[in-house]
Amino acid sequence: SWRGNARKRLPELLASLDERLATFGDAAYLLEPDLKEARGGFRDVSMLRALAASWLTDRPHVGISEPYERLLDVRDALHLASGRTLDRLIFSEIEAVATRLGYREPDDLRREVSLAARRIGHAVDLTVRAARQALPPRRVLTFMKRERKPDYIRADHGLIIHSEEVGLGPGTNAADPVVGLRAGALAAQRGLILSPVTADNLGKRGQALTAPWPEAAREALLEMLSAGPDVVPVWEDLDLAGCISRWIPCWEPIRARPQHNPVHQHTVDRHLVQTVAEAQPHLTRVDRPDILLLTCLFHDIGKLPGPGVHHADRGAPIAREAVQAIGLDQSDAELIEHLVKNHLTLAGLATKR
């Protein structure tokens, strides 16, 4: 019945997806995620099964089972620890759940939940997109035999655009890290996404960048960062593929790291990318938009485990080394170090003195 009426019912199904996201948020970035209803949770896995059963599209067969099993383990441990049938991983139960599952620290549990939810949410996004594309407008039947050729637009640097996705053209080398950055910049600037095959190729075949970065790589990174909100899904694609940590090694320690301040809505890495996105309207108001974007990207890079040192003090030298590797000169790197070290000074002055 579902398969026979899927084309009519698909809009209703997709509307429920948007409604759940608005109500429960994104499990990958919440401090107390709902493992069942939030984006990246169990309802999304059911969504994948429903879309695959419609025969309009297929769901990803790689990278979903393990995250799903891990979230099931977390919910089982949550039920046992709390003595209740909870779906929300509430703060008061996190330590007990982490202990039951063998994590050394509660933050290790939070981080794995975040990464699992990201994988599932990303799979749903790709599957929903494919399902929408499987519903073309009705056309008048024709009996003329036409040759079917791939419909794509050639872009610069060996890239192509097909079905609102950025891909690699024939002969373009996925191992070249500059190609990956240029693909990300093109997708973010035009409000597109990376083709799943392209993201997978960049993740598997891409190489690390030598320090200092070539000018073309640095320009592509800044072009991607200047795209505003459209940088967020592109950055997530590249991050899940493993490209970001390969290009920027200091990114890995803060990847999916939870925050302990209720003022923040996101994990550390998403908070940094969101800050970059929010900076876009201000780029025309500063003399050096590159300094603003890179400071936003690295301002909380020091939020690492370890007592005694404030994250701004810890992060300032990390940010300086990172931007020097990207190719900024010493004076610009020192300026970014100064900005990262003092990014809370004004807030502290306004609220505490």
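**Entry 1: a histidine in a helix**

I started with His122, which lies in helix H5, residues 106-133. I'm working from a predicted model here, so I keep that in mind throughout. Is His122 buried or exposed? I looked up its relative accessibility and got 17%, so His122 counts as buried, since the cut-off for buried is under 20%. Next I asked what His122 touches, leaving aside neighbours within four places in sequence. My list reads Arg39, Glu236, Asp237 and Leu240.

**Entry 2: the sheet**

I moved on to the strands. I found an open sheet of four strands in the order S1-S2-S3-S4, and the pairing is mixed. Which strands stand at the edges? They are S1 (153-154) and S4 (193-194), and each has a single partner strand, so one side of each is left without a neighbour in the sheet. I also noted that helix H6, residues 177-189, packs on the sheet. H6 touches S2, S3 and S4, and its direction makes about 35 degrees with that of S2.

A reminder to myself from class: strands of a sheet pair through backbone hydrogen bonds, either parallel or antiparallel.

**Entry 3: S1 with S2**

I checked this pair and found it antiparallel, with two bridges. Ile153 stands opposite Ile161 in S2. The two strands make a hairpin with four residues between them. In that turn I spotted His157, which has a positive phi of about 60 degrees.

**Entry 4: S2 with S3**

How many bridges join S2 to S3? I got four, between residues 159-162 of S2 and residues 165-168 of S3, and these strands run antiparallel. I wrote down two of the facing pairs: Leu159 stands opposite Leu168, and Ile160 has Gly167 as its bridge partner. This hairpin has two residues between its strands, and Ser163 takes a positive phi near 50 degrees.

A disulfide is a covalent bond between the sulfur atoms of two cysteines. I searched the whole structure and came up with zero disulfides.

I looked up accessibility for both. Cys243 counts as buried because its relative accessibility is 0%. Cys296 comes out at 11%, so Cys296 counts as buried too.

Key. Residues are numbered from 1 along each chain as its sequence is written. This is a predicted model: local features need pLDDT of at least 70, side-chain atom pairs count only at pLDDT 80 or more; totals for chains, interfaces and linings use all residues. Side-chain values use heavy atoms; hydrogens and water are left out. Two strands pair if DSSP finds at least two bridges between them. Contact means heavy atoms within 4.5 Å. Axes are lines fitted to C-alpha atoms, for helices over the stretch in contact, and angles run from 0 to 180 degrees between N-to-C directions. Buried means under 20% relative accessible area, exposed over 50%, partly exposed in between (1.4 Å probe, protein chains only). A disulfide is a pair of cysteine sulfur atoms within 2.5 Å.
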